[in-house]
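Please keep the sequence and the model side by side while reading.

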Amino acid sequence: MSNQNYWVLFELSESGVKRVSLELMQKAASLAAQTGQKAAAIVIGEGASDAADTAYANGADMVIAVETKAAFEASSHVLCKLIEKYQPLALLIGATPFGRDISAAVAARCSAGIAVDCTDVKPLESGEGLSWLRPSYDGKLYADVHVTTYPQIGTFKTGIFKLEEGKGKAAGELIKEEIEVPASVLLTRFLGYTPDEALAQANIEDAEIIIAGGKGCGSQEEFDKLYELAALVGGNVGASRAAVEAGWVEKDRQIGITGKTVTPKLYIGFGISGAVPHVNGMKNSDVIIAVNTDPNAGIFKYAHYGIVADLHVVVPQMISRFKALKG
Ligand SMILES: Cc1cc2nc3c(=O)[nH]c(=O)nc-3n(C[C@H](O)[C@H](O)[C@H](O)COP(=O)(O)OP(=O)(O)OC[C@H]3O[C@@H](n4cnc5c(N)ncnc54)[C@H](O)[C@@H]3O)c2cc1C
């Protein structure tokens, strides 16, 4: 099994496996299928084996599960032990706060190269190693990073790869590993999270419909109308960086290269020009609708439907129309 398999570190939350881990699992499975290798989910934590079915359902051929109460503190140690034993080709990790910590720690401990915040990964034509794509210069250029050490580690934000239904397998191989965690590794103790309600509401990565507002909204009052529209259509509110910088909306709702990457079924952008750093965070949405007064706005190049109109007219009309439809 030396330097062959694609691994994904599963991140567990109270509501199960994090979406980004499943997206990466599907990507790893498709890479493994292309090259005749295997895709494995690595699960570290309490009830690690319980995630096995979810892993198979998203394409894993196998699951390596390590039961431990100290997942947060011990993951990098455990991962390095597993890497030493199984020698995977690549390790894909979600660019979450936890994933960023762990990926950097594992890379340092294992003296392995890492490419962070990638937007794609593919096998090199030579058959040796991988090409990791990551944006530079605000997404105007892409760097093709070739890592020469193993495992090749890459991190990806949520939404880079689309989570698709029916990509899975009915079953796979479950390997349960026991790894001793010496006291010297447990330098910190994780006590728990303090939930932040505003942060939870700003979870736009999971929204199927995003109503996004930009500088064209013109004021806080106008921007706030987007929440009413979003509630009526069962969606959530996103924003451009200019709207965030205007102070109308919190940074957790920013879409783009320095914000979040989203792939909703429907994205409607109001008063957003379509600058490259923004577009990089939403261009893979299933359906894109743009509302802008400028017929030459860049966003129209990416929109499936474009409305050249004043959002101050369109938004209230949509709100009253949806209200009427809802009776
Ligand atoms: C390092 C770096 C990172 C960045 N990261 C991000 C990022 O992650 N996300 C991001 O969004 N940006 C990012 N930016 C900023 C980005 O370059 C743009 O400045 C920003 O996206 C512009 O936001 P906007 O489209 O809302 O504003 P503007 O560019 O000011 O566009 C406003 C639009 O609204 C239209 N408009 C005006 N009035 C109306 C009206 N009444 N009705 C309808 N339309 C109207 C205008 O025609 C215009 O097209 C980054 C920039 C840098 C340098």
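Which helices and which strand each supply at least two residues of the shell around the ligand? In this predicted model, they are helix H7 (241-245), helix H8 (276-279), strand S16 (287-292) and helix H9 (311-326). Of these, H7 gives the most, with three residues. The ligand is surrounded by 29 residues, and the closest are Gly214, Gly216, Ala242, Gly256 and His278.

Helix H1 (residues 19-35) has 17 residues, and the distance from its first C-alpha to its last is 25 Å, close to the 24 Å expected at 1.5 Å a residue. This helix is mostly covered, since twelve of its 17 residues are buried, among them Val20, Leu24, Ala28 and Leu31. After H1 comes glycine 36, whose phi is positive, near 70°.

Helix H3 (residues 71-86) has 16 residues, but its end C-alpha atoms are only 20 Å apart, short of the 22 Å that a straight helix would reach at 1.5 Å a residue. H3 also has a kink of about 30°, centred on histidine 77, and His77 is itself one of the buried residues of this helix, which also include Ala74, Val78 and Leu82. The buried residues of H3 are covered by elements including strand S1 (6-10), strand S4 (39-45), strand S5 (62-67), helix H4 (97-109) and strand S12 (173-177). Following H3 is glutamine 87, whose phi is positive, near 50°.

Key: Residues numbered from 1 in each chain as written. Predicted model: local features only at pLDDT ≥ 70, side-chain atom pairs only at ≥ 80, totals over all residues. Helix = DSSP H or I, 4+ residues; strand = E, 2+ residues; numbered from the N terminus. Expected span 1.5 Å × (residues − 1). Buried ≥ 20, exposed ≤ 12 C-beta atoms within 10 Å, placed from the backbone. Near = placed C-beta within 6 Å. Bend = angle between axes of the 7 residues up to and from the residue. Contact = placed C-beta atoms within 7 Å.
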